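User: Could you walk me through reading a ligand site, step by step?

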Amino acid sequence: MPEADVVTIGAPMLPDPARLAALMGEAIGTGWLANGGVLHSRLERALARDNCRPGQSLALVSSGTTALMLALRLGNLPEGSEVITSPLSFAATVQAIAWCGFRPVFADVDPDTLTLCPRAVEAAVTPRTAAVLPVHFLGVPCDVAGLAQVARRHRLWLVHDAAHAFGVTLDGRPIAAFGDASAFSLHATKVLHTGEGGFVVTGEARAAERLRRLRNFGLEAGRMAGPGINGKLSEMQAAMGLALLPDLPAEIAARHALRARYDAALAGLSAIRVPEGRAGASPALTTYALRMDAGLRARLHWTLAEDRVLARDHFPLLCGPGTAWPDAPIVTTAPAPVAPLVGPEVLCLPFYGRVSDRDADRIAAIVRRVADEEERA
Ligand SMILES: *Cc1c(COP(=O)(O)O)cnc(C)c1O
């Protein structure tokens with residue numbers, strides 16, 4: 001089979017080379033390549049239009065991980081604070097907590113949405129808890145209202161990891177409308193990207209200035225005024241984001257169409273489910289996830305790979321044996337933590353705009369065949 005027949009889990013949006021070159025030419029013309037610049041400001045304004053509600057501000061940063069770190073720092077948490085988070089996420093979520101000098105505390109997830117459970121968070125609160133960092137896991141919004149209630153009751157800073165939820169709305173509002181701050185990634189594996197990059201959205205007073213200071217070594221008017229790091233995005237990266245923006249609506253439409261095609265082809269299976277997500281939320285743009293028992297998932301993963309389809313299990317647990325937090329418990333209100341059981345039930349199918357109808361149908365046919373075999377067995 002020719003190499004072109006391999007379908008990977010994701011593929012980055014690729015810019016029109018002439019458009020990218022023109023934007024790079026514009027940056028070169030200004031002689032200004034980093035520390036803000038015309039392209040940087042233009043991309044910040046464009047992203048703010050779609051991702052902020054009135055009173056919120058948006059700051060571009062060097063990665064989604066940096067966005068998480070700066071969003072946590074914005075809360076002025078005491079050194080050594082505990083931050084409650086989900087054991088189901090990408091490594092960046094917990095690494096950002098640790099890199100800030102905070103201690104991650106893992107709380108259980110809701111068995112249906114796979115997002116942080118407010119009751120488990122409540123049970124994990126100690127006198128040292130200062131923040132909660134839930135994840136809109138696989139693009140499904142977490143229980144923003146339930147988590148905000150717990151956070152308010154215990155005066156905790158609430159940062160959402162929104163890396164999977166770019167472009168998602170909840171009850172008609174952009175996903176960044178919820179929580180004290182939200183962190184997004186502009187990495188090539190996400191929807192819109194700058195190669196590497198990210199952004200923070202927050203409604204905090206003076207947030208725009210504070211974020212500008214945090215991402216620029218803590219400097220204000222040349223003086224080191226507080227904590228900071230080099231978390232800036234360059235003009236070359238901003239050029240990439242701006243070059244892709246005109247193609248974003250088509251990419252989003254293609255992903256919605258791919259989801260509809262998978263949904264139609266996979267309807268009515270009993271061994272494999274397409275999770276419903278959360279009521280009031282628009283569908284995820286980053287992933288197309290299936291749920292099934294862990295044994296079937298392993299078989300399906302392998303069968304797809306034999307047919308040159310690289311599906312992906314999202315993600316290994318962030319705590320427990322073999323991780324950087326081997327002894328960290330998962331605080332739960334269930335008889336036993338559900339995250340270690342439900343995590344291995346997820347398999348994500350290739351999901352990006354350039355997946356052809358032919359490949360989508362071929363992939364769905366394999367999933368149906370494996371599910372049918374399972375039901376007959
Ligand atoms: C991608 C991702 C990040 C980090 O983004 P980077 O831009 O790669 O640093 C954080 N959290 C989650 C859930 C992610 O998937």
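**The ligand and its pocket**

Analyst: The ligand sits in the largest pocket. A molecule counts as sitting in a pocket if more than half of its atoms lie within 2 Å of its grid points. A pocket is, on a 1 Å grid over the protein atoms alone, an open set of points where a 1.4 Å probe fits, with protein on both sides within 12 Å along at least five of seven lines; lining residues have an atom within 4 Å of a point. This is a predicted model: local features need pLDDT of at least 70, side-chain atom pairs count only at pLDDT 80 or more, and totals for chains, interfaces and linings use all residues. Residues are numbered from 1 along each chain as its sequence is written, and side-chain values use heavy atoms, with hydrogens and water left out.

User: What lies 2.7 Å from an oxygen atom of the ligand?

Analyst: Polar contacts are pairs of N or O atoms within 3.5 Å. A polar side-chain atom of Ser185 is 2.7 Å from a ligand oxygen atom, and a polar backbone atom of Gly64 lies 2.7 Å from an oxygen atom of the ligand. For Asp161, a side-chain N or O atom is 2.7 Å from a ligand nitrogen atom. The protein buries 92% of the 380 Å² that the ligand exposes when taken alone, by the Shrake-Rupley method with a 1.4 Å probe.

How values were computed
A polar contact is a pair of N or O atoms within 3.5 Å; within protein, one must be able to donate a hydrogen and the other to accept it, and residues adjacent in sequence count only if both atoms are side-chain atoms.
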